[in-house]
Amino acid sequence: MKKYLVVVYILLILLFTAFSYLFVDPNFSYLKSIYTSFSFTHRNFTTILYVIFIFLFFLFYLIFLKLAQIKYLVYRQLRFIILTISILLLFSYSSVLSYDIFNYIATAKVTYFYKENPYIVMPIEFTNDPSFTFVRAANKISLYGPVWLVLSGIPFYMGFNNPVLMLFTFKALNVAFYLLTIVLIWKISKNLISVSFFALNPLVIIEILLNSHNDTVMIFLALFSFYCLIKNKTKLSILFLILSILIKYATVFLIPVYVYALIKNKEKKNINKDRFFYYSFISMFILFLLSPIREEMYSWYAVWFIAFASFLITKKYIYYFVVFLSIGLLLGYVPYMYTGLYTSSIILLKYIIIILSPLIYTVYYFLFVKKSVLAKGL
Amino acid sequence: MKYWYFGSFAQFKYNLKLSDKYLVEAKTLFEYKQYLLGYKALEKSDLYFSKTHLFLKRAKEEKKNTGHLQDLLRQAALKHTEVLESVSSNIPPDFVWISEKSSPTVLNLEKSIKNSIQIRKKII
């Protein structure tokens, strides 16, 4: 039964990989031969397919979590699933729901090919370069930190300035950090539920393995910093926290938690890991909630707190809240996918969809679960 | 800051920005009759303006499309010329700047501004 479940799940991932190629950008001329315009001309059908995929992913996610809870999913099997989905999605088309990978490539090209400072020169300034025609943020200077810029040199040179190849080398970098993050979660927690909670979360899979966002690089470095702190390697820990901040700046919000842990460490007191990850989760979640002030609440920002929530699996409310919020965030793409518009009303609808599922769960939790727990307690 | 602006495009921007900055400084100083300081600021503005052209040339050698930057430089040159012409009508052609503790300096302001305009007109 379990074997079939894994096979069906992997088939589903394979189908999703194929589905991603329906979204090939018409401006991405390098893949003109496989461009179908399907996702633009059959929006209803594409949206229905997407919603079905999302529900199936979450169904499998909950099943795998349950199997991990009852110890029916063992380390070897989980490793097989994670590696297989990583390999399959490495070959998916990257910009189904976001075009950030093109921004990463463009910034790297400005730096390493044109040898210009990407914090001063925008990709749009290279007017005769056809590889910038499909970059959505070509009119912006680099939005990412210098550490990301340095790291992006690896996939850039490995891509030999070939846009299609670079699409996959950049993806490979993010896949590598996704796997490293999972290894780290395992090393810290020694718990398969924690690993499954992060690694098999459909939002993490879609935003990191499919859309190839660099958030996992930042989170890996932050987690590694905490791992070093737990191992009493303070200097190394500080270095990795700084490196993490210099990827995408968001982990700067972890500094208060980090200072708290550092003080505990200096006082030779054991760091309460649960409390530490709880505060980290709260910090990153607050930052996530504040993100519309800067720009917009993007679903890949959820990776920031999902990584910390994976250490809080005993806190049932957080556990399910994150699952339901992940559903909401992924369904938040539906209005745009269906209409092809990004007007203020579409953005409002997106927020309503995002809020709806965690809200329903919160109401359910406080009306039924919490009440019954209290009643049992009495 | 010069090293932060690495790359021919960035260096072009850096030099143009400084040229703008020192031109504004020169204009203000001339308005307040601080001719020696104004004269020096204008010299700096000229120096940076001349450099912009060198970085455009380098960018072209690197096979970068410089069309938009050439337009930008042309527009900047026009505006600079406009400012310089307005300044020239309000200052004396020559001025002897007598400092308290050093020998007097003869400033050929008219010639200096004409030279500055000439540098800009080469671009236009």
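Let us begin with a contact: in helix α8 of chain A, Ile182(A), Ile185(A), Trp186(A) and Ser189(A) meet Ser194(A), Val195(A), Phe198(A) and Ala199(A) of α9(A). Two residues are in contact if their C-beta atoms, placed from the backbone, lie within 7 Å. Helices here are DSSP runs (H or I, at least four residues), numbered from the N terminus. The residues of this contact of α8(A) with α9(A) comprise six nonpolar, two polar and no charged. Nonpolar covers Ala, Val, Leu, Ile, Met, Phe, Trp, Tyr, Cys and Pro; charged covers Asp, Glu, Lys and Arg; the others, Gly among them, are polar.

A word on the source. This is a predicted model, in which local features need pLDDT of at least 70 and side-chain atom pairs count only at pLDDT 80 or more, while totals for chains, interfaces and linings use all residues. Residues are numbered from 1 along each chain as its sequence is written, and chains are lettered from A and ligands numbered from 1 in the order in which they are written.

How do the two helices lie? The axes of α8(A), residues 163-189, and α9(A), residues 192-199, come within 9 Å and cross at roughly 155°. Axes are lines fitted to C-alpha atoms, for helices over the stretch in contact, with angles from 0 to 180 degrees between N-to-C directions. The pair is therefore roughly antiparallel, a term for angles over 145 degrees. After α8(A) comes Lys190(A), whose phi is positive, near 55°.

Finally, 10 residues of chain A are in contact with 11 residues of chain B. On the chain A side, four are nonpolar, three polar and three charged.

Conventions
Parallel < 35°, antiparallel > 145°, perpendicular 65-115°, else oblique.
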